[in-house]
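The structure comes first, then the tour.

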Amino acid sequence: MWVRTIPFFFVLLWSTGFVGAKFGLPFAEPFTLLMWRMALVVPMFALLAVILKRPNLSLHDAAIQGLVGLLIHGIYLGLVFYAINQGVSAGLTALIVSMNPLLIAVFSSAVLNTPVRPKEWFALLLGMLGVIIVLMAPTHWQGAVQLSDIFLLLIALFALCAGTLIQKRYAERIDLITGLSYQYAASLLYFIAMSFTLETQAVQWTSTLIITMAWLIIALSLASVLLLMYLIQQGDATRVASYFYLVPPMAAFWGWLFFDEQWSWTMLVGITLVVTALAMNRVKP
């Protein structure tokens, strides 16, 4: 029973990252905020790997994990935080990057030799339709979101897709703790470069930021990412990616609860299609 509940714990935790960004970004620029987050996460995972006596990686495996970290924790996470900092709502951000399952389905047959059944294609396209309905629905964010923000989120989406496929194709047998240590180290270098190139590195260490940082580290960088890597190891990439369809409604709920992000009936119809698509594609991890 515990194994069957893992995807839903993952969705619950992962969805909080979008509102976590909104809590933290008033006190630090996006890449600087993520730089400090990874600066705390990297030694934590390195120490954890030593205490648990996890095996080290070969140079080849370390390079693969570095690439995965750059894509998933660097480019994807960095652009999501950047878009939210530009004013894109947590719910809309989550919806755009939730198209990950469709991209996974398109590329997994070629990269992973995993056939996609007609039922899975229908479910994935139904979820895509739901995302499009939400994007087209009349809402208060129209006029505030720039086309460039959407483009950056699409880049984040492709980075998440590529990182998932590479992890599934080349890193299934790599120890999770050791692998994540290398992934986070690579993303830390990326955020250092981005912060010192594009930002001022100014941080206001308020109680809100400290609590937010603790949540981002423990709930997101530790718990949810470990669950994601476990799901990738145990299930095929298309089915794992389908769990991301539950993230938008959860992120929308957190956005409404904490930041009064409003949703129309049309948008609720789109979210319903997204959840229906997930239910159609649901399998054991």
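Angles between axes under 35 degrees count as roughly parallel, over 145 as roughly antiparallel, 65 to 115 as roughly perpendicular and the rest as oblique. Keep in mind that this is a predicted model, where local features need pLDDT of at least 70, side-chain atom pairs count only at pLDDT 80 or more, and totals for chains, interfaces and linings use all residues. Residues are numbered from 1 along each chain as its sequence is written, and side-chain values use heavy atoms, with hydrogens and water left out.

Helices (H or I, at least four residues) are DSSP runs, numbered from the N terminus. Axes are lines fitted to C-alpha atoms, for helices over the stretch in contact, and angles run from 0 to 180 degrees between N-to-C directions. Here are two packed pairs:

| Pair | Angle | Axis distance |
|---|---|---|
| H2 (residues 30–51) and H3 (residues 59–85) | about 135° | 9 Å |
| H4 (residues 90–97) and H7 | about 50° | 9 Å |

With that angle, H4 and H7 are therefore oblique to each other. Their crossing is right-handed (the near helix is turned clockwise from the far one by less than a right angle). In this pair, Thr93, Ile96 and Val97 of H4 meet Ile150, Leu153, Leu154 and Leu157 of H7, contact meaning heavy atoms within 4.5 Å. By class, that makes six nonpolar, one polar and no charged residues (Ala, Val, Leu, Ile, Met, Phe, Trp, Tyr, Cys and Pro count as nonpolar, Asp, Glu, Lys and Arg as charged, and the others, Gly among them, as polar).

H2 and H3 are oblique to each other too, and the crossing of H2 and H3 is right-handed. Residues making the contact include Phe31 and Leu34 of H2 and Leu77 and Phe81 of H3. The classes here are eight nonpolar, three polar and one charged.

Now for the salt bridge: which side chains meet in it? They belong to aspartate 175 and arginine 54, at 3.5 Å, N to O (the cut-off is a side-chain nitrogen of Lys or Arg within 4 Å of a carboxyl oxygen of Asp or Glu). The structure holds one salt bridge. The partners sit 121 residues apart, aspartate 175 in the loop between H7 (147–170) and H8, and arginine 54 in the loop between H2 and H3. Aspartate 175 counts as buried because its relative accessibility is 18%, while arginine 54 is partly exposed at 37% (buried is under 20% relative accessible area, exposed over 50%, partly exposed in between, with a 1.4 Å probe and protein chains only).

Threonine 178, in H8 (residues 176–198), touches Arg54, Pro55, Asn56 and Leu57, not counting residues up to four places away in sequence. Threonine 178 is buried, at 5%.

Key. Helices (H or I, at least four residues) and strands (E, at least two) are DSSP runs, numbered from the N terminus.
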